[in-house]
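Okay everyone, thanks for coming.

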Amino acid sequence: MRANFFPIYSNSLLIYNEAKNNMKASNLMEFIKNSKYELVPVVQKTLPEILFITSYPPRECGIATYTQDLKNAIQEKFGSTFSLKVCALEASQSNDAYCEEVKYKLNTAIQEQFADLTLKINADKNIAMIFLQHEFGLFGGDYGDYLLKFMKHLKRPITTTFHTVLPTPNEKLKKVVRKIADYSDYLVVMTAISKSILMTDYGIAERKISVISHGTHLVASFENGIRKTKNQFSDRIVLSTFGLLNEGKSIETALDALPKIIENFPNVIYLIIGKTHPEVAKREGEKYRNFLYNKVHDLHLENNVRFINKYLSLEELMCYLQRTKVYLFTSKDPNQAVSGTLAYAMACGCPVIATPIPHAKEFLDGAGFNYDFQDASQLAEKTIELLYNPKLLREMQLNALHKISPTSWQNSAITHIDLFKNNCQKHKIVLQYQIPKISLDHIKRMTAKDGIIQFSEIAIPNLISGYTLDDNARALIAVTKHYELTNSEEDLELINTYLTFILFCQQEDGSFLNYVDIDGNFTSNNIYENLEDANGRAIWALGEFISFKDTIPNHLIRKAKFALEKALLHCHKLHSPRAISFAIKGLYFYNLDRQSQRINYLITSLADNLVSKYRGISDKNWKWFEDYLTYANSILPEAMLFAGLSTGSELYKDIAKTSFDFLLSIIFKDDQIKVISNQGWYQRGRSVNQFGEQPIDVAYTILALQTFYQVYEDENYKNKMKIAFDWFLGKNHLHQIIYNPKTGGCYDGLEQNHVNLNQGAESTISYLLSRLAMENAVKPITVAPLFEESFQNE
């Protein structure tokens, strides 16, 4: 069995199970006998358990949906680290069919049940942390004070999330909230305003309060929802409001604003999405909905209003929101702290016109307008202003996405688990980030007929940016590696596209140009920019592509060989250390099955150039090739190692390992990677800037770590691979995802205070190369036999 059958995160138990499931029983013992792995009995440990105390689906309420989304996000991010269970809150005896994660049920109207639940939780040694979702109406007693004795006697750490924070409390309310704070280890609120109220009106210490915004769902593609719902509304301008209907939503304010809006935009259609709130329906039936029906009739709005009277699935809801031009948030409750509906609308790129609840006041700066409670005239004016200004509308769409992106459920999960880690003394938590499935969705979205487009606007290709040789060279390597796993015809089409583009960029003399516009013309950038690195990357791409000759059709390999042979005429002209390094890597792979003395001499010549740079700069404290660290640093020691493998030179290998270990000592700190900033290079002995990290540098580091691990079998390199890959998944200074699992794209950069949400070709290919490296981390490296003539230069 090939060593790369197992991913990096395999352990002996997983290896045994994988083998057992994929081979005949007669071969299993032979596999165990011959395996290079030590197959020892593994005792499966019980995972620390997080218990959510909350309302929960199928109960229809906002907190139930919120908790399910948060739980699912934690499961997706850290499923192998924790067990997640739920105590479902009920207002009465219920026959609801809960999912298996519901471990307990609590009728909050019966005080005795709180005491029973306390005993059960305290006796359950698996429970390491409680996440309690608090809303005053959820718990029995005065202001829900049945909860207090329950919390007082719990012997587990508690994080309490306040979904509502009421200002200027009376003494009874203040006492209840302060007791909840006393019994909680951490408090979570969703706005800075709510935090301020807890501190000033309730006297709660700031250190105890964390602001974690209401989570939102990532959207795979903004075009999908438009396509799915476009036929329903033709070319109508869609305004919408969604959520469980109740009087507090004040939807009549929007209806009163519509006549004026329709005067200016007759094709407007207003969607009122959602069924009546179940508790409201129990008390008063469809009284409020009927009131809205009558108002629509009285205002003659039948052609401009649609009621969608159902509890929508998430997919249906997101499709409606993606089709929405402007989202109207009309709540008349000034004490409503947050709104999941507002957050979900912004996540779909909807500009929002909203009443000034704290959530809207904090998030709509540049992403919408606030208007006064129940002021239909203001609502009409703001909507008309926005619809008359397409440029402003587009700016607000992008601002909405940038403002709300840090609140994705994935990021919310990471932040909640950070609280868990800080507060869980009895359980030593080693977070295991779940590695996402491999996806080429965004690669395919970014690939046009001539190649992969350079930049994107969020996840939409920016065609004006055109193409580069750099991106298409990297894409050729990444998709070829993916094709080795899949044998997919779609992959082969992409490979042909990228190879054709590289050949197009090659000039008669064998050199390459880098920049091509969307119409297929070389641009002036090729005249004014140094193209050495691009030429080096092209050699790397062609050389590594050729090494897949047993997988790729012969006619494509022949084209690549012809192009690479032409390019070799210029190898000796390379001066840039990175261009030299890319070329060495390509030549190493090209020479694997050729064993060409000519290629080995060329590798030696290039490697000697790097040796000369290293000897001229390095000393006992600075083991590097230059006086500074810039971009793509890892490619230099990796190239030296490839040169050593190709020629047998121990000098090359020694410099490779020494310089790489030196680089790792700088970019790995506190069990986390922080690559060199593109806002200011790392000068010898000091860093100019700590922020401005790009996915490509993390990817080059992962690729080099893979190579060094395969050669030296040092577990330290493999462990650092996982740490570096976790950077994409949220293990970075902002604790935010860099890879978007819904689009399959990778964000363009990690800045000091934000993530650059554009998902260009370079970043997305970098992630794919990294993900594929994780898939093949233990694949043994191939080394061609050395010639009898020695190429060692010591």
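So, how many salt bridges does a search of the whole structure find? The search turns up 34, where a salt bridge is a side-chain nitrogen of Lys or Arg within 4 Å of a carboxyl oxygen of Asp or Glu. As a reminder, side chains of opposite charge can pair when their charged atoms come close.

Before the examples, some housekeeping. This is a predicted model, so local features need pLDDT of at least 70 and side-chain atom pairs count only at pLDDT 80 or more, while totals for chains, interfaces and linings use all residues. Residues are numbered from 1 along each chain as its sequence is written, and side-chain values use heavy atoms, with hydrogens and water left out.

Take K71 and E101: their side chains meet in a salt bridge at 4.0 Å, N to O. This pair links distant parts of the chain, with K71 in helix α3 (residues 62-78) and E101 in the loop between β2 (83-90) and β3 (102-107), 30 residues apart. Helices (H or I, at least four residues) and strands (E, at least two) are DSSP runs, numbered from the N terminus. Are these two buried or exposed? K71 counts as buried because its relative accessibility is 6%, and E101 counts as buried at 13%. Buried means under 20% relative accessible area, exposed over 50%, and partly exposed in between (1.4 Å probe, protein chains only).

Next, K103 and D124 form a salt bridge at 2.4 Å, N to O. K103 sits in strand β3 and D124 in the loop between α4 (111-123) and β4 (127-134), 21 residues apart. K103 is partly exposed at 32%, but D124 is buried at 13%. Together with E49, K103 and D124 are linked in a network of salt bridges.

Now for the surface. Which residues make the nonpolar patch of about 260 Å²? They are Y628, Y631 and W681. Patches are made of residues with over 30% relative accessible area and no salt bridge, joining like charges within 9 Å and nonpolar side chains (Val, Leu, Ile, Met, Phe, Trp, Tyr) within 5 Å. Accessible areas come from the Shrake-Rupley method with a 1.4 Å probe; for residues, only the protein chains shown count as cover. W681 lies in the loop between β19 (672-673) and β20 (682-683), and W681 is partly exposed because its relative accessible area is 32%.

Last, the big picture: the protein has 30 helices and 25 strands, and buried residues make up 58% of its 794 residues.
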